[in-house]
Amino acid sequence: MSGPATPSAPDGRYTAEFLRVKALAERGVASAQHSLGFMYVNGQGVPRNDELAVAWYRMAASSGLEQAQYNLGVMYQKGQGVEQDLGQALYWYRQAAEQDYAQAQYNLGWLYAKGQGTPVDVHEAMYWFGKAAGQGDPGAQHNLGMMYEGGKGVPQDVAQAIVWYRKAAEQGYARSQFNLALRYDAGQGVERDVAQALHWLRKAAEQGYAPAQFNLALRYDKGQDLPQDSAKAILWYGRAGEQGHASSQFNLALIYDAGHGVARDAQLALAWFRRAAEQGHAGAQDNLGLRYEHGQGVEQDYAQAAHWYRQAADQGFAGAQYHLGQLHDLGHGVEQDPAAALAWYRKAAEQGHVRAQFDLGLRYESGNIGGNVGGAHAAPDEHEAATWYRKAADQEYAPAQYALGQLLDRDDTGTVDPRQATAWYRRAADQGHALAQFALGLRHDSGNGAERDYEAAHFWYLCAARQGHARAQYNLGVMYAAGQGVARDLVEAYAWLHRAGAAGIAPAASYLQRIAARMEPALLAQASAYVGAA
């Protein structure tokens, strides 16, 4: 029997083993035909030649040799040495699978599961995975576990999924080890056991399984179930990152950017941000955009900033949508387009981006919904403004809480509610917002929208005054001079009025003169020294 022609070796010589196998193959020995195909695929003792490999595999497969049938299926599935044909791959896998060849059963299950070369058929997939799993194939055992966990082709049964994950995990199958770790960590289908979770997680990580390496790194990074250890976090993030695991690359960038447990390295941070961004990690893309926008570690380049923001924005990343809106507002790196800016702000705001919500509120309140420049303003829409302010305020964004309080205070909104306004001022004031603190002081001072309470008024004026709020400083000086809400203290009055006057509050100067006229020379000298020291 003659076989396919053999091309000449580069040096005119072949190994003795190749010549021996070839002679047997040409006499029709199926195992030799398969071995010869294998030699051609791997360039073992002969120049690599996928087409000849397919020819010899086909001869052996046609003789019924299951291993050759499987390898011929692989060549058709990959399009290696032959035009890709998933239908032929399915045919040859089935020939081998029906002879109980486990790897063929596994691959046949995948084709049915994925609908490759055949319509999706989860029951056929389950059948063939089950056949291979019964022979101990760990990949098939893992896939059976996934099917039981997801209820695909079989009623959902997490406990049964864990049985199959465990069988594969005990054979060293990293994906099953990782899944088993996650189940122990969450207490799904098994009693929660952190020690078991860490045991299986470490086994998968040590085999190089990137998701497990990332998960282990995250635990060291955050001190979750393990002592916080930045060095070990960096080690495991690095191993996963070098394999292209984008979230590990991003977290490494954050660590080097912040100098968290390691010397700060802006350039290394930038390199990891870039690697993650180039793989489509939206957070890294947004971060890279910020660097180009502000010239941090790179030359400022608004066009590059817009490019990376858009990559992330198109994935629905709210921060990037907001930043892209800002570029459109200013015409930096993109055409100035107020409508586009507004559209991106709205996309971000609808996802809960607090600054976008607040900015939308500002625009609707001012009527500037066509952009910052170039267009006529629309009529203010205070109802819409209040809607967006409230969304940001509910997220404890103090400027939005203050703005909402102001809207509720105004007569022209149609929704005047002094008590509600006071409540929002209070929430902002508790966060240290100076304008809200002053507003709250005024309300307690006047009894408008709150109980008249001079002590409370003094407290809130003092909070705002210490942050440099000039009118609060003036009111505080008046209260100290009058002994209203606080013990009378002309030195304190003098000091606060002096600060208010220096900040441009006109009445402070004349009031200061009246206070000074009432002070004994020694007390005035003390006040002057106090002001000078301050």
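At 27% relative accessibility, Arg-410 counts as partly exposed, a class lying between buried (under 20% relative accessible area) and exposed (over 50%), taken with a 1.4 Å probe on protein chains only. The model is predicted: local features need pLDDT of at least 70 and side-chain atom pairs count only at pLDDT 80 or more, while totals for chains, interfaces and linings use all residues. Residues are numbered from 1 along each chain as its sequence is written, and side-chain values use heavy atoms, with hydrogens and water left out.

Arg-410 forms a salt bridge with Glu-382, with 2.2 Å between the closest N and O atoms; the term requires a side-chain nitrogen of Lys or Arg within 4 Å of a carboxyl oxygen of Asp or Glu. The two residues are 28 apart and link distant parts of the chain: Glu-382 is in helix 21 (residues 382-393), and Arg-410 is in the loop between helix 22 (398-409) and helix 23 (418-429). Helices are DSSP runs of H or I with at least four residues, numbered from the N terminus. Glu-382 counts as buried, at 18% relative accessibility.

## Asp-409 and Arg-443

A salt bridge also joins Asp-409 to Arg-443, the closest N and O atoms being 2.8 Å apart. Asp-409 lies in helix 22 and Arg-443 in helix 24 (residues 434-446), so this pair ties together parts 34 residues apart in sequence. Asp-409 is partly exposed at 26% relative accessibility, whereas Arg-443 is buried at 5%.

## Other salt bridges

Arg-426 and Asp-430 meet through their side chains in a salt bridge of 3.2 Å, N to O. Arg-426 is partly exposed, at 40% relative accessibility.

A network of salt bridges links Asp-185, Arg-192, Arg-219 and Asp-225. The whole structure holds 18 salt bridges.
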